[in-house]
Amino acid sequence: MAINTHPSLFEFDYVQPATLAEACEFLASHAVEARPFLGGTDVFVRMRDGFLTPQFLVDVKKLKGLDDIHFDPKAGLTLGAAVNMNRVIASPEVKAHYPLLAEACRSVASYPLRNRATIVGNICNASPAGDTIGACLTLGGILHIHGIHSPRQESLASFFLGPGKTILKLGDVVTAIHFPIPPKGSVGMYLKLGRNQLSDLSIVGVTALGHPDSNCKSGYRFRLALASVAPVPLVPTEAEAYLANHSITPESVSEAARLSADACSPIDDVRGSARYRKLMARNLSAKALSEVWKKLN
Amino acid sequence: MAFHKINVTINNELDQLIVPSNMTLMHMLRESLALTGTKNGCSAGECGACTVLLNGEPVNSCMVLAVECDGAKIVTVEGLAGKKQLDPIQEAIVQEGGVQCGFCTPGILISSHALLKRNPNPSEDEIREALVGNLCRCTGYVRIIESVKVAARMQSVTD
């Protein structure tokens, strides 16, 4: 495959629709040759590497309302698709109610890149390595999607179909992601194993969120999400169920970590082997769960 | 391929340019405007050599399309100094010997300048975190980080 080392990109047409409806119509009528983009931090890299060759790039970040952060103490937080990660990190509402989201954003690349990168872009890119996806999954994220006919909402939990593949249909634009208010006493953590301490993509990433829950036998509910260990961002439901039904002890945490690693189906790649990933998925799951458990008490 | 007419303020001068869709901001700065202080390193948003200010915030100019800059304000390393006075981070990096080959320096200057604007008195950890996207293969970073600390002190004296 040809690698383009030229500072510009392959030829394409930049399209800036005036309205959301116009954007959806354009995307729907240019099926395979058009692609929406926000910060471009993934799209441009993949275009340079020859993996993407869109004829049209449709810039949706300047559309009305897509740059808004809206917080309601009852309904929760809605982040417009074009809100960049540095704005998420700096938001007082995110700091106060969704610190896990800020932590996940801070683990992405560098400050200049985060001025362009967005959570919704990270999600739509549908990479199993997406650093912010674990936080969005454990926080119960709901995507607001504008299609050619009408707007709709989809749970993030059922959004991913495979690497780069999602349930989005022709002409769909994700306009925002919404998070309900996290359950009282929630504690979250994102552990990212990279080749260096900061800025690299993850070899394995583990997000854990825990909170007291009287509906669970153990008295606590834990949510887990794993990055870079399966074709899609992975929620190890058996591990979650195990912790809901067994008292939280070092042994049950260790068993949940084993179940979490068992759910993984990693691949060998430039960042690490499948075997290593599986081992680290277990270790990091145990570590994340123990740390969250410590903070809950 | 489509061309677009854009109005963009670069280093305090308003310019009108016609740019193709696929031209990056970095390419426009270097090739159309001969502002070659902005360097082309990785073209993938990893090395930070092409960092410029876009509406006051640092971005990797290899990851921004020129056409997206219609109506924007850009500051490159050429625009960092005042008419007769270097920016404190420029003074400091000269004084502290924070430059070796110099290729990463424009990006380091822009990222550090932006850091000191949003956080006039950063800790060493905060400096390191702010510069994580600016790779330097010569210095080992020690003198660069010292330079940012010295610039912070210079700024607090002049303020």
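This is a predicted model: local features need pLDDT of at least 70, side-chain atom pairs count only at pLDDT 80 or more; totals for chains, interfaces and linings use all residues.
Figure 1. The centres of domain 1 of chain A and domain 2 of chain A, taken over C-alpha atoms, are separated by 19 Å. The domain assignment of chain A places domain 1 at 13-59, domain 2 at 69-179 and domain 3 at 198-296.

**Figure 2. Strand β10 of chain A and its pairing with β5(A) and β6(A).** Strand β10 (residues 173-179) of chain A is mostly covered, with six of its seven residues buried. Strand β5 (residues 76-80) of chain A pairs with β10(A) in the antiparallel sense over four bridges. Strand β6 (residues 142-146) of chain A also runs antiparallel to β10(A), and five bridges join these two strands. His178(A) in β10(A) stands opposite Thr78(A). His178(A) is also the bridge partner of Ile142(A).

**Figure 3. Helix α10 of chain A and the elements that cover its buried residues.** Helix α10 (residues 250-262) of chain A has 13 residues. From its first C-alpha to its last, α10(A) reaches 18 Å, close to the 18 Å expected at 1.5 Å a residue. The buried residues in α10(A) are Val253(A), Ala256(A), Ala257(A), Ser260(A) and Ala261(A). Seen down the axis of α10(A), these buried residues fall within an arc of 140 degrees, so they line one face of the helix.

**Figure 4. Helix α2 of chain B and its buried residues.** In helix α2 (residues 88-95) of chain B, the buried residues are Pro88(B), Ile89(B), Ala92(B) and Ile93(B). They line one face of the helix, because seen down the axis of α2(B) they fall within an arc of 125 degrees. Among the elements that cover the buried residues of α2(B) are α3 (105-118) and α5 (142-158) of chain B. Just after α2(B), Gly97(B) takes a positive phi of about 65 degrees.

**Figure 5. Domains 1 and 2 of chain B.** The domain assignment of chain B gives domain 1 as 3-79 and domain 2 as 88-158. The C-alpha centres of these two domains of chain B lie 22 Å apart. Their contact takes 13 residues from domain 1 of chain B and 11 residues from domain 2 of chain B. On the side of domain 1 of chain B that touches domain 2 of chain B, β3 (51-54) and β4 of chain B are the elements that give two or more residues. β3(B) provides the largest share of this side, three residues. The residues on this side of domain 1 of chain B divide into seven nonpolar, four polar and two charged.

**Figure 6. The contact between chain B and chain A.** Chain B contributes 30 residues to the contact and chain A contributes 24 residues. On the side of chain B that touches chain A, α1 (25-32), β4 (57-60) and α4 (124-130) of chain B each supply at least two residues. Of the elements of chain B, β4(B) gives the most to this side, with four residues. By class, the side of chain B that touches chain A has 14 nonpolar, 13 polar and three charged residues.

Definitions and conventions:
Residues are numbered from 1 along each chain as its sequence is written. Chains are lettered from A and ligands numbered from 1 in the order in which they are written. The expected span of a helix is 1.5 Å times one less than its number of residues. A residue is buried if 20 or more other C-beta atoms lie within 10 Å of its own, exposed if 12 or fewer, and partly exposed in between; C-beta atoms are placed from the backbone. The arc is that of the directions from the helix axis to the C-beta atoms. Two residues are in contact if their C-beta atoms, placed from the backbone, lie within 7 Å. Ala, Val, Leu, Ile, Met, Phe, Trp, Tyr, Cys and Pro count as nonpolar, Asp, Glu, Lys and Arg as charged, and the others, Gly among them, as polar. Two strands pair if DSSP finds at least two bridges between them. Domain bounds come from an automatic or database domain assignment.
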